[in-house]
Amino acid sequence: MKTGSLLLIALWVALLLYQHMQYPQVRLNPISTQLFHPFDTRLHYRIGDVDPRFELSRSELQQLAEQAAHIWQQGTGKDWLVYDPHARLQINFIYDQRQVNTTQRLSELQQIEQTQNQQQQQQQQIDGHKAEILRAQQAIQLKQDTFQHELNQYNSIVEMVNTHGGANLELKQQFDHQKQHLEQLKTELDQAVAQYNQLVQQSNAQVQNYNQTTQQINQSIQTYNQHYAARAFDKGLFNGRSINIYEFENQDDLRLVIAHELGHALGLAHTEVNSHALMYPILKDQNMHNFQLTLDDRLLLQQNSSWKKFLDKFNP
């Protein structure tokens, strides 16, 4: 009986050692889980401390964490992680200056986008005035042609009548009537030119406002890029015992931040090869809304086996 118990304990210890070598993430699980569920190789995690200034409930954060864990399962067909309210590994949400800076950055970015929308509206107004100016030019040209044509006819008739001894009373009345008509055409032409000039002034003012808006946007973008250049991944941190989340832009961003740090908890390092990978050190080029593991992420999992690393020492 005593020998059998010792063999059982030895077998148990050997199983745990093998489990720790092959699946190092289980070292973060509760001792009770490791002892009573030795074949459970999933990393257990839970939501820990949550600063209310993030304005997300614990249930919302749990849902996002489970979605983050599902990224690893979906990309490999294996359950690497499981939510456990009694887990040792906590995901804490710590509000500090990083989130303050992110909130400010998003506010400035929103202002830039609003100004860009305003610029688009200005461009539409400018295009509308250009079309109106073109129509006004065509109308003026038509009036000028009509006026010049009728004026030439009038002068020709007057010259011909004067050559033949002058006009009688009836012709003088016709000339007076034609002259009034020409004066009316000239008045309409002058009015059209005045309206045209007014349109040009309005268009010039709009172009000036557009150029000022463009300068404002360029200055804002330059300042934005100087203040918020892409930087190393520091939205979250796995410190070997817990995961701390410090900043995120939105829930899609937060989902990937959690998934990234869960990758570190699984024992993965960064990859410098593919900027679209989840484990790339800068979270920028990834598909935030519908992310899927890249080949580089899956290779990191394959290369992470401690047992493989142990064997590699004897098989260089």
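Trainee: What is the mean pLDDT of the protein chain, and what percentage of its residues reach 70 or more?

Mentor: pLDDT is the predictor's confidence in each residue, from 0 to 100. Here the chain has a mean of 85, with 87% of residues at 70 or more. This is a predicted model, in which local features need pLDDT of at least 70 and side-chain atom pairs count only at 80 or more, while totals for chains, interfaces and linings use all residues. Residues are numbered from 1 along each chain as its sequence is written, and side-chain values use heavy atoms, leaving out hydrogens and water.

Trainee: Where does pLDDT stay under 50?

Mentor: Look at residues 306-316. The model has eight contacts (heavy atoms within 4.5 Å) beyond four places in sequence for that stretch.

Trainee: Now the helices. At what angle do α4 and α5 pack?

Mentor: Helices are DSSP runs of H or I with at least four residues, strands are E runs of at least two, and both are numbered from the N terminus. Axes are lines fitted to C-alpha atoms, for helices over the stretch in contact, and angles run from 0 to 180 degrees between N-to-C directions. Angles under 35 degrees count as roughly parallel, over 145 as roughly antiparallel, 65 to 115 as roughly perpendicular and the rest as oblique. Helix α4 (residues 97-163) meets α5 (residues 169-227) at about 160°, their axes lying 7 Å apart. α4 is therefore roughly antiparallel to α5.

Trainee: And which way do α3 and α6 cross, left-handed or right-handed?

Mentor: A crossing is left-handed if the near helix is turned anticlockwise from the far one by less than a right angle, and right-handed if clockwise. For α3 and α6 the crossing is right-handed, whereas for α4 and α5 it is left-handed. α3 (residues 58-76) and α6 (residues 251-265) pack at about 55°, with axes 8 Å apart, which means that α3 is oblique to α6. Among the residues that meet are Leu61 and Trp72 in α3, and Leu254 and Ile258 in α6.

Trainee: Which residues make the contact of α3 with α7?

Mentor: α3 and α7 (residues 295-303) pack at about 90°, with axes 11 Å apart, so they are roughly perpendicular to each other. Trp72, Gly75 and Thr76 of α3 touch Asp297, Arg298 and Leu301 of α7.

Trainee: Last one: how many aromatic pairs are there?

Mentor: Rings of Phe, Tyr and Trp (its six-membered ring) pair if their centres lie within 6.5 Å; planes under 30 degrees apart count as stacked, over 60 as edge-to-face and the rest as tilted. The whole structure has four such pairs. In one of them, Phe54 and Tyr95 have ring centres 5.2 Å apart and planes at 65°, so that pair is edge-to-face.
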